[in-house]
Amino acid sequence: MNTKELWNNVKEILSRDESIPPEIYNYYISDTQIYTVSDNNCLITTKSEIAIGVFEAGLNEKIKQILKKLTGIEYNISFELEKNINKIPTTNNNIDTLIGSDDNSYYDYYTFENFVKGDSNREALQAALAVAVDLGKKWNPLFIYGDSGLGKTHLLHAIKNKVDEIYPGTQKVKYLKADEFGKMAMDILNQGHEVIEAFKTSYDKFDCLLIDDIQLLAKRNKTNELFFYIFNSFIEKNKQIVITSDKYPDDLGGFEARIISRFSYGLSIGLDFPDFETAIKILEQKLKQQNNLALFSEESLEFIALNFNSDVRKLEGAIKRLLFLAIMNKKPEEIITLKDVEKAFKNAPLQNNEKITPKKIKQIVADHYNITVKAMMSKSRISNVMQARQLAMYFCRTILDEPYTRIGIEFGGKDHTTVMNSVKKVEKQIATNKEFKQLVNSIRKKIESK
């Protein structure tokens, strides 16, 4: 059974499913296709952004079960707009095939212009843009770290698209997922010295190398030797390297000390989860792209921004679930209200930021420093009291997104400039002091978990 026949069988089963209204099938399922099936992964294409929401929010598990019944294989299902999918590249029997195709039009919409900027990502955005317009002359390597779903891949492709814009028609940039590099390396290392050397030199034609999720190469010694050679070659020739990871370089396990040292040689900069204002901007941008912004009330967006802002994918997932429920249960153009959102997520684990108060933050920080809240609120210049005060102000700003003026009132009438300077001092220490960063993360967990 080929992929077309397989998907036709899946659609036939879905068309007979009484839990799926006929209009949902006709509007969003009937014109979908399987694009690729490889290993345990299945990519399905559709013409509609809303259709993706329908699938991901309500039909993903159902399709997985049908595919398993038809093939005996449990697939990981993903969905993409048909217009964003590349044509399958033709195969050439040379070393360029081994390093992969450079046709990345799938990511053309990942640009600096549509990257939503906020306090959580401003520095990473500025650094990425700087290296894109001045390859190899700013920070090399640029190491961007942060949890999944915060925009690391977007920034890498924004770099590529900016360089392609500056140097049209060239092959200046190579983007690779670390696990894809690992698979290629395994093939290369089994093909003898000549092929290995050809693989190494094949990267000479690029002026910028983008490696996504470097942590996936941990504990792969032979692969890392190959990568380290290419990495060093780029650095020595002043060619730009940008690496992303879910961890700060020094926190990466499974790499030799010399590689970690090289990762730390340039600029390491982190991405944090979006604050409330940035989350709202992200939601508005996504919905404008889909022409669905008018379907959401202001209160419903605020609820999503407060409760699903730990990463961008959760924000997108919340939108897709609500669009799916709206399609299934509401009249066309009927607005999604706060009541609809609360009902949709009544059983979902929420972040509950509303339960965190300045009073709670001050108490937890004071307890950590073994001082009283009264001492923290005083004008004392004792070192640990000052640091506790600054840190409590920082958490009021970054967790509660309180205005500087209001934070000043909470801390005994401090003016907004004092509060702003305190927050900046903490941010600077986080960026330059690994131990202090770990301390901040530890206290943050206490605040958010109690």
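Modeller: Helix α19 gives the most to the lining of the largest cavity, with three residues. This is a predicted model, where local features need pLDDT of at least 70, side-chain atom pairs count only at pLDDT 80 or more, and totals for chains, interfaces and linings use all residues. Numbering runs from 1 along each chain as its sequence is written, and side-chain values use heavy atoms, without hydrogens and water.

α19 spans 416-432, and α20 spans 434-449. Each of the two supplies at least two residues of this lining. Helices are DSSP runs (H or I, at least four residues) and strands likewise (E, at least two), numbered from the N terminus. The structure holds one cavity of 30 Å³ or more. The largest cavity has a volume of about 30 Å³. A cavity is a set of points on a 1 Å grid where a 1.4 Å probe fits but cannot get out; lining residues have an atom within 4 Å of a point.

Who lines it? The residues are Tyr 145, Tyr 248, Ile 430, Ala 431, Thr 432, Asn 433, Lys 434 and Lys 437. By class, the lining of the largest cavity has four nonpolar, two polar and two charged residues. Nonpolar covers Ala, Val, Leu, Ile, Met, Phe, Trp, Tyr, Cys and Pro; charged covers Asp, Glu, Lys and Arg; the others, Gly among them, are polar.

α19 and α20 turn up again in the second largest pocket. About 1600 Å³ of space lies in that pocket. Its lining has 49 residues, and those closest to its centre are Leu 271, Asp 272, Phe 273, Tyr 394 and Arg 444. Elements giving two or more residues are α5, β8 (267-270), α17 (383-398), α19 and α20. Here α20 has the largest share, nine residues. The lining of the second largest pocket divides into 17 nonpolar, 13 polar and 19 charged residues. A pocket is an open set with protein on both sides within 12 Å along at least five of seven lines.

α5 is one of those lining elements, and it also packs on another helix. α5 (residues 122-133) meets α6 (residues 152-166) at an angle of about 30°, with the axes 9 Å apart. The two are therefore roughly parallel, a term for angles under 35 degrees on a scale from roughly parallel to roughly antiparallel (over 145), with 65 to 115 roughly perpendicular and the rest oblique. From α5, the contact uses Ala 124, Leu 125, Ala 128, Leu 129, Val 131, Ala 132 and Val 133. From α6 come Leu 155, Ile 159, Lys 162, Val 163 and Ile 166. Contact means heavy atoms within 4.5 Å. Eleven of these residues are nonpolar, none is polar and one is charged. In the loop between α5 and β4 (142-145) sits Pro 141. The peptide bond from Asn 140 to Pro 141 is cis, with omega near 0°.

Asn 370 is not a glycine, yet has a positive phi of about 60°. Most residues other than glycine have a negative phi, and most peptide bonds are trans.

Now to α7 and its partners. α7 (residues 178-189) packs with α8 (residues 193-201) at about 145°, their axes 8 Å apart. Phe 181, Ile 188 and Leu 189 of α7 meet Val 195, Ile 196 and Phe 199 of α8. This contact has six nonpolar, no polar and no charged residues. The axes of α7 and α9 (residues 221-236) come within 9 Å and cross at roughly 100°. That makes α7 roughly perpendicular to α9. In this contact, Phe 181, Gly 182, Ala 185, Ile 188 and Leu 189 of α7 face Lys 222, Thr 223, Leu 226, Phe 227 and Ile 230 of α9. By class, there are seven nonpolar, two polar and one charged.

Key. Axes fitted to C-alpha atoms, helices over the stretch in contact; angles between N-to-C directions. Points joined across faces, edges and corners; volume = space filled by probe spheres on them.
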